[in-house]
Amino acid sequence: MTGLIRTVCGDLSPGDLGVTDAHDHLLLETRAIPGTPLSTRSAAVTLARDFKMAGGQTLVQWTPPGMGRHGEWLPTIAQQARIHIIAATGLHQARHYTTTQGDAHWPSSLDSDDLAALFTEELTVGMRSDNGQACPTQPVRAGIIKVAAGYHGTDKHERRALAAAAAANRATGAPICVHLELGTHGPEVLAALDTAGVPPDHVILGHLARNPDFRLHAELAAAGAYLAYDGPRRDTHPTDWRLGDLICAMLDAGYSHRLLLGADTPTADRKDPFGSPGPAALLNGTAASLARRAGQEAMHAILAINPGRAFAWRG
């Protein structure tokens, strides 16, 4: 499987991805994020088609199991919108799995070994439904492992997920995508995964634009990790305006080959505090603005070349 990228409709060569939204959500439901959930197939198709109309070709959905992922819908959405979709297995922070009674629902209740088995199964055999049952339709396989860290640290839940992700990576070579809370704790996560046998170039670190510390980002890129700059979003607006300066600094320092862009759309509306313009605006707005500063060649590398490297499975 080395060198191939797993989409919901089959495996591709890295050069086939084209313009890529490296971190987004077409479907997502969680009590932890206020606003209208991304919960309908029709809305997901609309988001995907808008992205296609803006020039997009591949969307990487970081929604893990148990959060309204609806993996069985994704091949149809990809086909109707005529884009590639890469889906996630994995586990987010504990707050996304707490019921109204305070209990943890599946898969948050699994131990590390069972989580590792689940991640590996979803990558190689097929994804499960959001209640943990096998999907009734033709198996759809995940292509990435999504896990999370907390603000300047990791709790027991997050460490368990990171250990399971490392085991699944060792078994499959699938890349690991990490939610970094407000862009913190990146070096520690990278070191923990490296100790567990995951090379840094198998890791994509998300939300770093929320902590626009050039020296930190240069350190992570120099170690070999990929940096996913996502947004803009209403809740990240205080740092969104620094994205252009940060990317230009990273380009000047020689790290153009380590950068990715994503929209990270968390809800279906734009009225709540966590609203986001969406995947089409990533290309029509954010990328277009960055191209005027950094140049078309640099943006082509970030959008269309780097994702083929970052999301490829490695033996």
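Which residues does Tyr229 touch, not counting residues up to four places away in sequence? Select Tyr229 and look around: Leu208, Ala209, His217, Leu243, Leu246, Ile247, Met250, Leu259, Leu260, Leu261 and Gly262 are in contact with it, contact being heavy atoms within 4.5 Å.

Before going further, some housekeeping. This is a predicted model, where local features need pLDDT of at least 70 and side-chain atom pairs count only at pLDDT 80 or more, while totals for chains, interfaces and linings use all residues. Residues are numbered from 1 along each chain as its sequence is written, and side-chain values use heavy atoms, with hydrogens and water left out.

**Stop 1: the whole chain**

Zoom out and switch to cartoon. Along its principal axes, the C-alpha trace spans about 50 × 40 × 40 Å.

Of the 315 residues, 57% count as buried. Here buried means under 20% relative accessible area, exposed means over 50%, and partly exposed is in between (1.4 Å probe, protein chains only). Among contacts with a separation of 6 or more, 75% are between residues 24 or more positions apart. Colour by charge next: there are 27 positive and 31 negative side chains, and the centres of the two sets lie 4 Å apart. Lys and Arg count as positive and Asp and Glu as negative, with His and the chain ends not counted; each charge is placed at NZ of Lys, CZ of Arg, CG of Asp or CD of Glu.

**Stop 2: the cores**

Now select Ile77, Phe119, Val178, Leu193, Tyr229, Ile247 and Leu261. They have the most contacts inside the largest nonpolar core, which has 79 residues. Such a core is a set of buried Ala, Val, Leu, Ile, Met, Phe, Trp, Tyr and Cys residues joined through side-chain atoms within 4.5 Å. Helix H4 (residues 156-172) supplies the largest share of this core, six residues. Apart from it lies another core, of 17 residues, among them Val60, Ile144, Tyr226 and Ala310.

**Stop 3: helix H8**

Go to residues 243-252. H8 is mostly covered, with seven of its ten residues buried: Leu243, Gly244, Leu246, Ile247, Cys248, Met250 and Leu251. Show the surroundings and you'll see what these buried residues pack against: helix H6 (214-223), strand E10 (226-230), helix H7 (237-240), E11, H9 and helix H10 (296-310). After H8 comes Gly254, whose phi is positive, near 90°.

**Stop 4**

Most residues other than glycine have a negative phi, and most peptide bonds are trans. Here are some exceptions to click on.

- Trp106 to Pro107: this peptide bond is cis, with omega near 0°. Pro107 is in the loop between strand E6 (88-90) and helix H3 (112-124).
- His185: not a glycine, yet its phi is positive, about 70°. Find it in the loop between strand E8 (176-180) and helix H5 (186-195); at 17% relative accessibility, His185 counts as buried.
- Asp264: also not a glycine, with a positive phi of about 50°. It lies in the loop between strand E11 (259-262) and helix H9 (279-294), and at 3% relative accessibility it counts as buried.

**Stop 5**

Is His96 buried or exposed? At 5% relative accessibility, His96 counts as buried. His96 lies in the loop between E6 and H3 and touches Thr30, Ala32, Ile33, Met67 and His105, leaving out residues up to four places away in sequence.

Next, Arg41 in helix H1 (residues 41-53). At 38% relative accessibility, Arg41 counts as partly exposed. Leaving aside neighbours within four places in sequence, Arg41 is in contact with Trp73 and Ile77.

Finish at Gln79, in helix H2 (residues 74-81). At 54% relative accessibility, Gln79 counts as exposed. Draw a C-alpha to C-alpha distance from Gln79 to Val45: they are 34 residues apart in sequence and 9.4 Å apart in space.

Terms used:
Helices (H or I, at least four residues) and strands (E, at least two) are DSSP runs, numbered from the N terminus.
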